Amino acid sequence: NQWSVDVGIDSLTQRSVFAISPGATMKEDILRLFSTAALTASGRPKMIAESEVELKYVENINVETVEKEKVFYNHSIILTNMRLLIIPSQHIMEEIKSCRVLHLRFVTTFSDNASFYKSSRRITASIIDGLKFHIRFNAMDKDITLDMLSKSLTRKAWECITNDDKVGNTPPLTSSASKEPTASTFSVLNAGVSGLKRRQQEEHKAVDMMTADALSDLDSLMSRAGDMVALVKRYSAFRFDKPDDESETSSVVADASEMESILQDIGIISPVTKLSAGRQYYHLLARQVADLLHDQERITRLGGVVSLTDLYCLYNRARGTELVSPDDLLQAVRLMESLNLGLKLRTFSSGVTVLQVNSLSDEAMCNKLLEFAVQNSDVGISPSMVSTKFRLSIMVAKEQLLFAESREVLCRDDTINGVFFFHNGFCLY
């Protein structure tokens with residue numbers, strides 16, 4: 001009795017063989033079901049496919065054998081439409097880089113242990129080869145989690161994974177015009193310019209219907225997630241299809257700009273919500289915000305500092321739906337330093353609050369501003385110049401200059417042309 005078990009973190013092709021050993025205990029067999037997977041830098045799960053959607057976070061659960069021997073005690077689970085991830089509960093306050101994963105493709109059923117005469121907090125998971133184990137929940141989390149598990153088994157999202165759907169794959173660098181034509185039955189209605197326009201209208205109508213169906217509710221979005229990702233990838237290819245000459249029309253440039261904006265909006269596939277995260281909403285929200293800033297070195301490109309106003313716009317734009325309130329975002333970023341996410345909250349004397357990387361010290365920033373002021377000793381430096389030089393917003397650049405002035409590193413010259421800062425030479429006398 002053997003079957004292949006996926007053990008890869010980012011790949012679905014790396015395989016090993018799982019076999020129930022006659023000499024092993026049931027606890028050991030269950031442990032071997034769960035492979036090891038890496039977490040992100042902030043402790044969030046890494047998705048194995050772009051169509052994988054995070055559904056529910058539940059804390060304080062136990063995984064037990066049918067004899068009620070504990071396999072995982074006081075852990076948390078993250079349920080996606082493809083996998084069940086087991087994470088130690090202390091990961092909320094500690095730095096843990098890996099978790100245990102069970103692929104739902106190897107589960108035949110999830111059943112409720114409750115009966116007409118007796119209630120139960122346990123769910124029984126039945127594996128392909130007849131092995132069973134229990135998941136013990138709190139009373140409030142069991143029913144909704146069982147419903148999500150059953151729906152995930154019914155949809156079988158893992159069967160729709162293709163090589164293009166794997167996380168990290170780039171869109172193809174070819175357009176629809178470069179594809180080989182397929183044979184079709186000739187019709188007078190499809191001939192000529194009118195036929196091309198008619199086919200385009202039919203394609204647009206099909207896309208509109210799929211989008212409306214997928215976005216009607218959460219269940220439809222989960223079932224059509226793969227189609228939506230494929231749609232985005234197909235349209236994203238157009239941003240690479242630029243002609244070799246400089247004869248781009250204004251409409252082409254406008255379409256490319258609009259597509260770039262759409263691609264930037266699609267940043268978070270599975271946003272953390274109060275419904276899915278429960279009592280750990282702010283902790284998980286802080287981790288997802290940190291992942292967004294660290295991904296593609298966004299925080300580095302922002303100069304290591306981002307104002308809460310800019311962060312609010314950036315994060316909600318990436319979510320697209322289920323927008324967070326300013327108060328929720330503030331509560332989340334306040335937890336980042338205690339969660340060791342490499343970011344901390346800072347408030348300037350003027351009251352402006354920013355989020356900055358831990359490695360960015362006041363002394364280092366003052367030295368950078370001093371060096372920049374010495375290079376421009378003839379004209380001085382202004383907030384707009386600092387903003388351009390260090391990729392900061394105007395507001396953050398101004399606050400950094402005022403802070404350097406309070407430390408007597410710089411001095412200001414307030415003129416009719418504006419405020420400029422220079423190297424403070426008065427401290428030498």
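Select strand β5 (residues 70-80) and β6: 5 bridges join the two, which run antiparallel. (Strands pair if DSSP finds at least two bridges between them; strands are DSSP E runs of at least two residues, helices H or I runs of at least four, numbered from the N terminus.) This is a predicted model, where local features need pLDDT of at least 70, side-chain atom pairs count only at pLDDT 80 or more, and totals for chains, interfaces and linings use all residues. Residues are numbered from 1 along each chain as its sequence is written, and side-chain values use heavy atoms, leaving out hydrogens and water.

Now follow the chain. A hairpin of 2 residues links β5 to β6. Pick Ile78: its bridge partner in β6 is Leu85.

Arg83 sits opposite His103 of β7.

Show the β6 side chains. Arg83, Leu85 and Ile87 point one way; Leu84, Ile86 and Pro88 point the other way.

Move to helix α12 (residues 362-375) and helix α13 (residues 383-390). Their axes (lines fitted to C-alpha atoms over the stretch in contact) come within 12 Å and cross at roughly 110 degrees. That makes α12 roughly perpendicular (65 to 115 degrees) to α13.

Finally, select the contact (heavy atoms within 4.5 Å): Met365, Lys368, Leu369 and Phe372 of α12, with Met385, Val386, Lys389 and Phe390 of α13.

Methods
Axes fitted to C-alpha atoms, helices over the stretch in contact; angles between N-to-C directions. Parallel < 35°, antiparallel > 145°, perpendicular 65-115°, else oblique. Buried < 20%, exposed > 50% of the residue type's maximum accessible area, 1.4 Å probe, protein only.
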